[in-house]
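Let's sit down with this model and learn to read it together.

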Amino acid sequence: MSPASPTSLAIRAEDLCKHYALGHGQPPKKAIDGVTFRIGEGERVGFIGRNGAGKTTLLQMLAGIAEPSGGILHVDGKVTAIFTLGMGLREDLTGLENIFVEGELMGRTREQTQALVDEIVAFAELGAFIDRPVRTYSTGMKARLAFSTIVHIEPEILIIDEALSVGDVKFGAKATAKMRELTRKGRILIVVSHSMGAIEDMCSRCLWIDEGRIRLDGPPSEVTRAYLDEVRRADEAKLSERFRHQLVNESLLPGWSIDAAEMQSAEGLVVQHVVTGDSCAFSARVRAPAGEGFQAVLGLHRLDGLAVLETTCRFDGQSAAMCASGERRLHLDFGRLPLNYGLYKAQLEIRTDAGPAARRAVLFEVVNPRPPRGGRPVLVYPSTLTVTKTS
Ligand SMILES: Nc1ncnc2c1ncn2[C@@H]1O[C@H](COP(=O)(O)OP(=O)(O)OP(=O)(O)O)[C@@H](O)[C@H]1O
C-alpha cells in the first residue's frame, strides 16, 4: 500500500495558543500559551510534562479536535489520533469488521485493507476472538486490536496519548518496534506519556511542556533527565516543608552547640542519599566549653518514627582529643548500612552531667541503586540538607 505523498509531512506551530474561558469575570485559563515548533518527516516526538501542563490540549489542536485561540498551526498530512486506545471500536461488530471500518475511515479501499488483515490479526494476538463481537473483548484485547489496525494501515501522522499500555511488556516492545518502522518510512509519530522510559525508548525528540509553554526541546535522554530533576526538586521543597520540624538544631546549655552535622560517603563526601548497603558515616562539629567532657548519643530513626539504632560515645574532658577552643569533630562510622529504601533522620544529642546540652538532626535518604525506569523518582529527599564540609 502506498499512502498519499508521505514526503511532505510536517507540523508547524507558531505562537500557538489555546485559552479556555472560565466565566464569572475570571481571566481565561491559558492551557497553551504561545508555543512555536516544527516537526518534520520521520520524527518520533514525545511530549512530557506535569498534570495539567497542556499536553492533551496541544495534541487535540494537532489532531484538529480543538480549535486554537491564536497563533498559526499548519499540519501537512492526515492525522490519526488515538486518545484512548480501543475507544473508537464498534462494540457490536466483530474484530474483523472493525478492521475494515477503520480502514475505510483511514481512506483505504476494501482490497487494500484485506491485504493487511492477516498481519493485523497476527500482530494483535487475538486468535479466534477476531470473529467475535468486540464487546466480548477485555480492555487489553481492544487496545491491541485498535493499535494493530492503526499502525498496519500506516497513518501519515500518528498521535498517541498515553496509549502505550497496550498490553504486556512483550506487546509493548513489539508496538515500539512497529512505530519505529513507521517513522523510518517518513511518517510522524507524536506520543504523550508520563513514562520517561517509554519516551526514551520510542522517541527521537522530546518536548517538555510546562504551564502551556515549551520548557525544553531536545534529545529524549536530556529532556527527560532535566524534567525528572525538576520534579525531584519540587518534591524536595514539599518534603522539606513537611519535615521541617524534624530538622532540630537546638542549643540547650550556654556554650554548647552543634555547629555542623552531615552524612558522609565512604570517600568522606557530604551526601544526602546513601545507596542501600553502602558505607556511610555521620559527622558533626560540636562546640563545648573548654575542658568539659560529654556523651554523644546518636539515634537513627526512619521518618515514620521507627527507631533503627542508638549509639553512645563518651568524650573525656581531659583527653588529648579535647582542643583548647572546645571545638571537636565527631565522626561515627555506620559501616555498610543495611537499611531499606526510605527517608531517615540521624539525630545527635550532646549530654552533660547537667543534662542535654545540644541537639541536631539531619535527614537523609536511602535509595535503590537500580530504580525502575521511567516515571517519577522513586524516592526524594529534602533540599534543606545542604551542608558544607568543614575541615
Ligand atoms: N475544556 C476545558 N475548560 C477549561 N480548562 C481546561 C479545559 N481543558 C483543559 N483545561 C485546563 O487546561 C490545562 C491543561 O490541560 P491538559 O489536559 O492539556 O493538560 P495535560 O498536560 O494533558 O495534563 P495530564 O497529564 O493530566 O493529562 C489544565 O489546567 C486544565 O485544567
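**Reading the fold, step by step**

Q: Before anything else, what kind of model is this, and how many of its residues count as buried?
A: Good place to start: the model is predicted. Of the 391 residues of the protein, 35% count as buried.

Q: How many helices and strands does the protein have?
A: There are eight helices and 19 strands in the protein. For contacts with a separation of 6 or more, 70% come from residues 24 or more positions apart.

Q: Which residues of α4 and α5 make the contact?
A: From α4 come E119, I120, F123 and A124, and from α5 come R144, L145, S148, T149 and H152. Sorted by class, the residues of this α4 contact with α5 are four nonpolar, three polar and two charged.

Q: At what angle do α2 and α5 cross?
A: Helix α2 (residues 95-105) and α5 cross at roughly 40°, and their axes come within 10 Å. The angle therefore makes α2 oblique to α5. The crossing of α2 past α5 is right-handed. On the α2 side the contact uses G95, N98, I99 and E102, while α5 brings L145, T149 and I150. By class, that contact of α2 with α5 holds three nonpolar, three polar and one charged residues.

Q: Let's turn to sheets. How do side chains sit along a regular strand?
A: In a regular strand they alternate between the two faces of the sheet. With that in mind, look at the open sheet of six strands, ordered β5-β6-β7-β3-β8-β9 with mixed pairing. Its edge strands are β5 (79-82) and β9, each pairing on one side only. Ignoring direction, neighbouring strands in this sheet are turned by 15° against each other on average.

Q: Do strands β3 and β7 run parallel or antiparallel?
A: They run parallel: four bridges join strand β3 (residues 44-48) to strand β7 (residues 188-192). As a landmark, G46 stands opposite V191 in β7. Helix α1 (residues 55-62) packs on this sheet and touches β3, β5, β6 (157-161), β7 and β8. The direction of α1 makes about 150° with that of β7.

Q: How many bridges pair β8 with β9?
A: Five bridges pair strand β8 (residues 205-210) with strand β9 (residues 213-218), in the antiparallel sense. C206 stands opposite G218 in β9. The hairpin of β8 and β9 has two residues between the strands, and there E211 takes a positive phi near 50°.

Q: What is the order of strands in the open sheet of four?
A: The order is β12-β11-β14-β17, with antiparallel pairing. At the edges stand β12 (270-271) and β17 (327-336), each with a single partner strand, so one side of each is left without a neighbour in the sheet. Two bridges join strand β11 (residues 257-265) to β12, and these strands run antiparallel. To find the spot on screen, look for M263, which stands opposite V271 in β12.

Methods: Residues are numbered from 1 along each chain as its sequence is written. This is a predicted model: local features need pLDDT of at least 70, side-chain atom pairs count only at pLDDT 80 or more; totals for chains, interfaces and linings use all residues. Two residues are in contact if their C-beta atoms, placed from the backbone, lie within 7 Å. Ala, Val, Leu, Ile, Met, Phe, Trp, Tyr, Cys and Pro count as nonpolar, Asp, Glu, Lys and Arg as charged, and the others, Gly among them, as polar. A residue is buried if 20 or more other C-beta atoms lie within 10 Å of its own, exposed if 12 or fewer, and partly exposed in between; C-beta atoms are placed from the backbone. Axes are lines fitted to C-alpha atoms, for helices over the stretch in contact, and angles run from 0 to 180 degrees between N-to-C directions. Angles under 35 degrees count as roughly parallel, over 145 as roughly antiparallel, 65 to 115 as roughly perpendicular and the rest as oblique. A crossing is left-handed if the near helix is turned anticlockwise from the far one by less than a right angle, and right-handed if clockwise. Two strands pair if DSSP finds at least two bridges between them.
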